[in-house]
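I opened my notebook for a quick look at this one. Here is what I looked up, in the order I went.

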Amino acid sequence: MLYNLDIPPAIINGRTLVPARAVAEALDCSVNWDGSTQTVTISSEKWIRGANSPTNAYIHNGVVYYSFIYQCNNKFKNAEKCKTPNLTAEDIRNAFIKAYNIDMADRTTVLEDCKIMIDTVCTYTKLNEEIDFLTAELKVLSELVSECVNENARKKHVDNIG
């Protein structure tokens, strides 16, 4: 399934930044913002452990669905079962929440990265300076070309007269 992001991912200082809300909501997590503490809380109550099953289940409209994102293709082919663990949506969700919470532990760096992203996307000062520099260079080049054309025209005129 494809999701449209309000803000595209960006790589800044070697880190890939993605909108946390979009990723969390894609994993059926709820996202809450506490403006007073400037804290985002990502949580999910939809994912459960099946009562009689070692797998994870998802409840949708009262129906329990068992979900595997990765399951070894050789799991049941041989007499000896493959010991590769299944990867479930809950595993991915828990890994995302863990990684998010680790990143949020260093909020100062995250906020600095956000400021860098805002400056990169919204500040045109350096770009305008480069445009001004290149415009000045083009003006000089244009004047030099014009002088060459005039000099060639004078030489041609002198050659035609003489």
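Entry 1. I began with helix 2, which covers residues 89–105 and has 17 residues. From its first C-alpha to its last it reaches 24 Å, close to the 24 Å expected at 1.5 Å a residue. A reminder to myself: this is a predicted model.

Entry 2. Next I asked which residues of helix 2 are buried. I found Ala 89, Glu 90, Arg 93, Phe 96, Ile 97 and Tyr 100. Looking down the axis of helix 2, I saw these buried residues fall within an arc of 125°, so they line one face of the helix.

Entry 3. I then stopped at Arg 93, which lies in helix 2. Why does Arg 93 count as buried? Its relative accessible area is 8%, and the cut-off for buried is under 20%. I also found a polar contact of 2.8 Å between the side chains of Arg 93 and Asn 94.

Entry 4. Last, I went to the loop between strand 1 (10–12) and strand 2 (15–17), where Asn 13 sits. I looked up its backbone: Asn 13 has a positive phi of about 50°, although it is not a glycine. I flagged this because most residues other than glycine have a negative phi. Is Asn 13 buried or exposed? With 60% relative accessibility, Asn 13 counts as exposed.

Note on methods: Residues numbered from 1 in each chain as written. Predicted model: local features only at pLDDT ≥ 70, side-chain atom pairs only at ≥ 80, totals over all residues. Heavy atoms only, no water. Helix = DSSP H or I, 4+ residues; strand = E, 2+ residues; numbered from the N terminus. Expected span 1.5 Å × (residues − 1). Buried < 20%, exposed > 50% of the residue type's maximum accessible area, 1.4 Å probe, protein only. Arc of directions from axis to C-beta. Polar contact = N/O pair within 3.5 Å; in protein donor to acceptor, adjacent residues only side chain to side chain.
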